[in-house]
Amino acid sequence: MTVTKEMIRDLLRKVERSDDAKSKHMIADMYAKDYTIASVHTVISMYKELVAVNDFVAAYHLAEIFKEGKEGELHVDYDKAIYWYQIAAEKNHFKSQARLGVIYRNKGDHSNAAKWLEAAASTEIKPGEKQWVSQVQYYLADYLIAGKWITKDVATGISHLTKAAKNEHSGAQFKLGMLYYEGKVTKQNLSLAEHWLSKLEYNGFYKVGDVLLRIAVMHFP
């Protein structure tokens, strides 16, 4: 017997109507990846049902849908995205906390950005979220070192930058190198400055060449 797309749709609809939340979440994820099977509004409805039974990962997926929108069907709506991210973030969902931190930062709401970035930095992560962690550490370090919207803590900020830099975050490598080169917020350390900036030069980061030359001169006056 040949399995047709319509037969698959019928099977998916049966699971969709079941009381098995785990299976329904799996189907909603499948629909979200292929809107030819079900409309974006069907997916939204399914995720909302799952949130109602305390599936807070579904809230994250709802937020992602409203953040991205769907051409011809759904306008981008950051207010709704924030609403759903916050539901998941309050249940210690790392990606939602990280998203909120970045969104609020981009909106200029630095108080909320710092709050959620700090929460994300202390939340347990899952495999595959390494790059998200580095971005959280990079932005949070800015707030900690500046001490404007969060209690100033230069040592912790530099610790976050160092972790992100070790994970190949180029922005963190540059900032860390410059902090050690300038010696304004932490003790000058030309060896560490050269270490981090050299990694960027190796990768073609054009801004660091002059600084490395100056460091070389300072090493050998």
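## Helix H6 and helix H8

Helix H6 packs against helix H8, which spans residues 130–146, at an angle of about 45 degrees, and the axes of the two helices lie 10 Å apart. H6 and H8 are therefore oblique to each other, and H6 passes H8 in a left-handed crossing. The model described here is a predicted one.

On the H6 side, the residues that meet H8 are Phe 94, Lys 95, Ala 98, Arg 99, Val 102 and Arg 105, while H8 brings Trp 132, Val 133, Val 136, Tyr 139, Asp 142 and Tyr 143 to this contact. Sorted by class, the contact of H6 with H8 holds eight nonpolar and four charged residues, with no polar residues.

## Helix H6 and helix H7

H6 also meets helix H7, made up of residues 110–121, and here the two axes come within 7 Å and cross at roughly 155 degrees. That angle makes H6 roughly antiparallel to H7, and the crossing in which H6 passes H7 is left-handed.

From H6, this contact takes in Phe 94, Gln 97, Ala 98, Leu 100, Gly 101, Tyr 104 and Arg 105, which meet His 110, Asn 112, Ala 113, Trp 116, Leu 117, Ala 119 and Ala 120 of H7. By class, the residues of the contact of H6 with H7 divide into nine nonpolar, four polar and one charged.

## Helix H5 and helix H6

A further partner of H6, which itself covers residues 94–107, is helix H5 at residues 78–89; the two pack at an angle of about 140 degrees, with their axes 8 Å apart. H5 and H6 are therefore oblique to each other, and H5 passes H6 in a left-handed crossing.

The residues of H5 that take part are Tyr 78, Ile 82, Tyr 85, Gln 86, Ala 88 and Ala 89, and they meet Ser 96, Gln 97, Arg 99, Leu 100, Ile 103, Tyr 104 and Lys 107 in H6. In the contact of H5 with H6 there are eight nonpolar, three polar and two charged residues.

## The largest pocket

The largest pocket of the model has a volume of about 240 Å³. Its lining is formed by Val 57, Tyr 60, His 61, Lys 91, Asn 92, His 93, Phe 94, Lys 95, Glu 124, Ile 125, Lys 126 and Glu 129. Phe 94 and Lys 95, which belong to this lining, are also among the H6 residues that meet H8, and Phe 94 is one of the H6 residues that meet H7.

Helix H4, at residues 56–68, and H6 each supply at least two residues of the lining of the largest pocket, and the largest share, three residues, comes from H4. In terms of class, the lining of the largest pocket has four nonpolar, three polar and five charged residues.

Conventions. Residues are numbered from 1 along each chain as its sequence is written. This is a predicted model: local features need pLDDT of at least 70, side-chain atom pairs count only at pLDDT 80 or more; totals for chains, interfaces and linings use all residues. Side-chain values use heavy atoms; hydrogens and water are left out. Axes are lines fitted to C-alpha atoms, for helices over the stretch in contact, and angles run from 0 to 180 degrees between N-to-C directions. Helices (H or I, at least four residues) and strands (E, at least two) are DSSP runs, numbered from the N terminus. Angles under 35 degrees count as roughly parallel, over 145 as roughly antiparallel, 65 to 115 as roughly perpendicular and the rest as oblique. A crossing is left-handed if the near helix is turned anticlockwise from the far one by less than a right angle, and right-handed if clockwise. Contact means heavy atoms within 4.5 Å. Ala, Val, Leu, Ile, Met, Phe, Trp, Tyr, Cys and Pro count as nonpolar, Asp, Glu, Lys and Arg as charged, and the others, Gly among them, as polar. On a 1 Å grid over the protein atoms alone, a cavity is a set of points where a 1.4 Å probe fits but cannot get out, and a pocket is an open set with protein on both sides within 12 Å along at least five of seven lines; lining residues have an atom within 4 Å of a point. Grid points are joined across faces, edges and corners, and a volume is the space filled by probe spheres set on the points.
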